[in-house]
Amino acid sequence: MARGVWQLSYKRKYGLLVTQQDELRVKGARYKFCKYFGREVSLDNRKRGARKTDQFYTEPFRTDVITRHLENQHASKWAEYSALSADDQDRFFDNLQPHANTMFYYLNLESDEINLVMSIASVEVVIGDMMFRPEDELDADDVDDLARIGDRNRKIALLRRAALQLLKKNGVGNGYTVCIKTVMRFKLAIQHVSGGLSFWPVAAVVEHTRSTCNIAKLGGLSDLLIGQYVCVLVGHALQVFSNILASTDVWSFALSFDGSQHRGTTFFDVRVRVAVRGVLFNLHLIAMPHFDWHTAAHQEAMFVKLLNSLYESWPRKLIGVTTDGEKTNMGHRNGVQIRMVRRAEFKVIQIWCTPHQLDLVVHMAVDEVCGGTWVKDMYVLSTYLRKQSNLITEMNEMCPKKTNR
């Protein structure tokens, strides 16, 4: 057996991913540990910052070099992986998010503090305006009393300042900076929020951790501070997107959006597909609340305002728009999708999601059954069955509504 030649067993044994192949001959590989976990940081006597790039290997494939990288850069994960059975090793990297797609990839967590820079538009337009509705924070009092309008406006200004308290304008006045001096507390709070906890439980969990583990650096975390942390992370994420779109390496991007409601508020889930340095990313930009009328014009204004705050020349790079089949979005003359297409400087690929296309076909087919009377008869029957409480109790099931797809 030739020395340095790729062996099929390397994929499982060392957690490698083939990246370059000439027919049956493997010529390049990448560490899955780098892709999904990033490098582990050791602060012992370091004079330079740790590398963030993934490690790639080309021929010859020397097992001693491969093992040395795993032991030095991924010690804990490599030890965990090595102790698993072959079947467990095959599933070890399943359902993992690439490290480069997480926010912490862009933060320097080695230092005793985190320093971030954000544009004025990202902070003041998106966070301070588009995502901020004072009515959600104010008490449900009568605000129509003219004598109380001044007090209301002062309270709104106070709430806005509190939400953006950690963000400070730089000396030049062309951006915002933020300094997080308690990195461990910041990272722990954000990870709990990303796990689905709301602000109050996160504050309680971190406080329990502080008292149980006797870690003084975790003290002093409140739900208000957690909200400010989230604002910082959102602002930094928007700045990262802005830098990506403005990069000369990025010549195009595709926009995708879909709307849904949560507790009476409409949110638009906005995603961006963009290729960076030859790698295609499908990134979640923002879940943007929409407080205005649900007309195509208002929704278009919201998207344009958002994109302008990130990168004013976005119409030159927009090449694709994807949305669901809701009528406001899909109007062939003045729908949201066609409005966004008109703003692009070049031809745009329009994509309509398959489930909504199928839904329309099913509706058209069902409407033709029995000359259209079948739907009406089923509606009458379903309405009758939904009123039969004894039948519902006995079957432990309720007849579905006509609106259910």
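**View 1. The cysteines C370 and C34 in the predicted model.** C370 is exposed, its relative accessible area being 55%, and the model in which it is shown is a predicted one. C34, by contrast, counts as buried, with a relative accessibility of 2%. A disulfide is a covalent bond that joins the sulfur atoms of two cysteines. When the whole structure is searched for such bonds, 0 disulfides are found.

**View 2. N214 in the loop between helix 9 and helix 10.** The residue N214 lies in the loop that runs between helix 9 (199–213) and helix 10 (223–246), and its phi is near 60 degrees, a positive value in a residue other than glycine. Most residues other than glycine have a negative phi. N214 is exposed, because its relative accessible area of 68% lies over the 50% cut-off.

**View 3. Helix 10 along its length.** Helix 10 has 24 residues, which at 1.5 Å a residue should span 34 Å, and this agrees with the 35 Å that separates its end C-alpha atoms. The helix is mostly covered, since 18 of its 24 residues are buried.

Notes: Residues are numbered from 1 along each chain as its sequence is written. This is a predicted model: local features need pLDDT of at least 70, side-chain atom pairs count only at pLDDT 80 or more; totals for chains, interfaces and linings use all residues. Side-chain values use heavy atoms; hydrogens and water are left out. Helices (H or I, at least four residues) and strands (E, at least two) are DSSP runs, numbered from the N terminus. Buried means under 20% relative accessible area, exposed over 50%, partly exposed in between (1.4 Å probe, protein chains only). The expected span of a helix is 1.5 Å times one less than its number of residues. A disulfide is a pair of cysteine sulfur atoms within 2.5 Å.
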